[in-house]
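Hi,

Here is the structure I promised to pass on to you. Please open it next to this email and follow along as you read.

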Amino acid sequence: MLVTWRYRQLGTIIHRLDPRTKVISFACFVLAALSFWDLRFLSALLAFGVFQIFLARIPWRDIRRVWLLIFLMASLFSLITFLTGRGGFEFYAVEHEITRWTAPFRLFGWQPVIPVTAERIAYAASQFLRIVTVTSYATVIPYTIDPRVYGITFHRLGLPDKFAYAVDLSLRFVPTFARDFAITYDAQRARGYELERARGGLIAQIRRLAPLLVPVVIQAIVGGEEIIDAMDLRSFGVRPRTWLMSLHYHRIDIVWIFFSGVLVLGSVLLPMLGYGGFWVPPFLLK
Amino acid sequence: MTKKLFYLIIGLIIGALVILLAYILIPLSQNEDWNSWLSASDVPIRFLFVGIGAVIVLGIYYFSRQNAAWTVGTREVVYMGIGAALYGVISWLFNGTVFAVPSVSQVALRPGIAIPILFGYLFGPVVGFFTGLVGNTIGDLLSGWVSPQWSFGNGLIGLVAGMVFLFGDKKKSLNWLLILSAIGAAIATIVWVLNPGETNQMAAPWDQPLTVIAGVSAIIGLAVVAAIRFLWAKDLDVAASVVWGSLGIILGIGFAAIADIWVNGYSFVTAIVGEFLPAAGPNLIQAAILVPLLLVAYKAVQKQTGR
């Protein structure tokens, strides 16, 4: 169960990008994706997100589980939107009915009838694409940024020394605490502890978490005191800190950031000019 | 200064609630369908709510910036790191990828919520905010996705829990804070009562309307918080931590759910009934049980070590 960061050191173009470039471009890409409701624009952005994953050579087996979960969630959210018709009312005043689905059952004398309209289908598809597009951009971050450079990345992005170091520290502690949870969980199981047991009510289930949670959290807090002493003895925070690793922008980073900036600018300007809004494919309206 | 600060914070929170209420009541008074307002295409209103969250945080900081609670030393840096790592790992463990803990009547178990509240309450608002914000981001990264609005909402939970540091007397204002939380929970429950068919977006089974337990979970959670506040009235830390934590959950989860109107294009009702209630209700119940357990254990260790 030990956590290993999903990062793999490869020499792809995405891996070679400065981590700051990846963080900046991630923010720009997400902002761009959230600016559009047009299926054509969203498809293009999704295609770019998937292209990035291919460029980074992230193996499908590594992301399969997450993507299946996201696909399931996005599909269900979109299905709910489609069935209820909610969320899309502000985009269209008139709905073009394609067919009308009548449930083959009755609930207390009421027979559900769902109008299948072109607008509902287009809105549900847009919502699905937005969620999947954002996921495609988010996937690249944990797989291509070395966890050791998170601290300096955020420092160079403008975060004060102390906060950047806290980010660094938290990422270093993740595998340690995951191991502590694994050890504690095994030790409690040896004493007959059953976390997954469904018996008992809600309160009983929550209380059942205490034997796992309390030892690890308290041990972590107590252990923190030793780290504080060690850092104080080395005069932490007295002067601006130095970082072991250094970051440098290369030409490809400038190009990538420029491209991200153009994308954000476009995502702001295009909706103002009337492009990128809600769009219903003409074949649905026939 | 403390009294003035308290009134200011309460004023900011009440102001946010009044604006929210106005946006609910104005369309209703004009016989408009309330699904048609506060929607994904209405950019200024969407940003208004994101702005309200940011203004509350900045306002609190600006007017209390001289307070020692905002100081960040070695201790705070270390506990920011520890808190965020713990929260990240626990979030990852319980999001269904490692431990498959069954949900009870659509109430998903999310014990990690106790961490930003505990760290905020013990080490201050900065540690609490960082623990929630960075911890949730780490949990998301480990799981393979990122949702900044929920990470910011989690940060708010820790920040609000740590705001107890801004007041000299922890006992003061607990009842008022409890009432504020109750107003938030009541608004959400009323929205659910008016829209009982709205589906749960936060716990399996996904395509089902909220169960009664999930629908009233915020009220149950507040009842548990109130019971602890009065039954453990003599143990001030237990009472104060759950009350401040509950307000943090209402404001933090409320912020994230409302931000999803913009981010995911949900309607207002979906955001409140489908997201806020199933997330805030269970979190309130879990925080009310787990935070006192962790706090008592911490105090026992503190007594032993003398630190």
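Arg57(A) counts as partly exposed because 15 C-beta neighbours lie inside 10 Å; with 20 or more other C-beta atoms within 10 Å of its own a residue is buried, with 12 or fewer it is exposed, and in between it is partly exposed, the C-beta atoms being placed from the backbone. You will find Arg57(A) in the loop between α3 (39-55) and α4 (60-84) of chain A. Helices here are DSSP runs of H or I with at least four residues, strands are runs of E with at least two, and both are numbered from the N terminus. The phi of Arg57(A) is positive, near 50°, although this residue is not a glycine. Most residues other than glycine have a negative phi.

Before you go further, note that this is a predicted model: local features need pLDDT of at least 70, side-chain atom pairs count only at pLDDT 80 or more, and totals for chains, interfaces and linings use all residues. Residues are numbered from 1 along each chain as its sequence is written, while chains are lettered from A and ligands numbered from 1 in the order in which they are written.

Two other residues of chain A deserve a look. Ser235(A), in the loop between α9 (210-233) and α10 (251-272) of chain A, also has a positive phi, of about 55°. Is Ser235(A) buried or exposed? Ser235(A) is exposed, because 9 other C-beta atoms lie within 10 Å. Phe154(A), by contrast, is buried, with 21 other C-beta atoms within 10 Å. Phe154(A) sits in helix α6 (residues 150-156) of chain A. Leaving aside residues up to four places away in sequence, Phe154(A) touches Leu159(A), Ala164(A) and Val167(A); two residues are in contact if their C-beta atoms, placed from the backbone, lie within 7 Å. Val23(A) is 131 residues away from Phe154(A) in sequence, yet their C-alpha atoms are 9.1 Å apart in space.

Now turn to chain B. How many helices and strands does chain B have? Chain B has 11 helices and 0 strands. Of its 307 residues, 59% are buried. Among its contacts between residues at least 6 apart in sequence, 78% join residues at least 24 apart.

After α11(B) comes Gly306(B), whose phi is positive, near 75°.

Axes are lines fitted to C-alpha atoms, for helices over the stretch in contact, and angles run from 0 to 180 degrees between N-to-C directions. Ala, Val, Leu, Ile, Met, Phe, Trp, Tyr, Cys and Pro count as nonpolar, Asp, Glu, Lys and Arg as charged, and the others, Gly among them, as polar.

Within chain B, α7(B) and α11(B) pack at an angle of about 125°, with their axes 9 Å apart. That makes α7(B) oblique to α11(B).

Finally, the axes of helix α7 (residues 174-194) and helix α9 (residues 217-231) of chain B come within 9 Å and cross at roughly 165°. That makes α7(B) roughly antiparallel to α9(B). Ala188(B) of α7(B) takes part in this contact too. By class, the contact of α7(B) with α9(B) has 10 nonpolar, 2 polar and 1 charged residues.

Enjoy exploring!

Best wishes

Terms used. Parallel < 35°, antiparallel > 145°, perpendicular 65-115°, else oblique.
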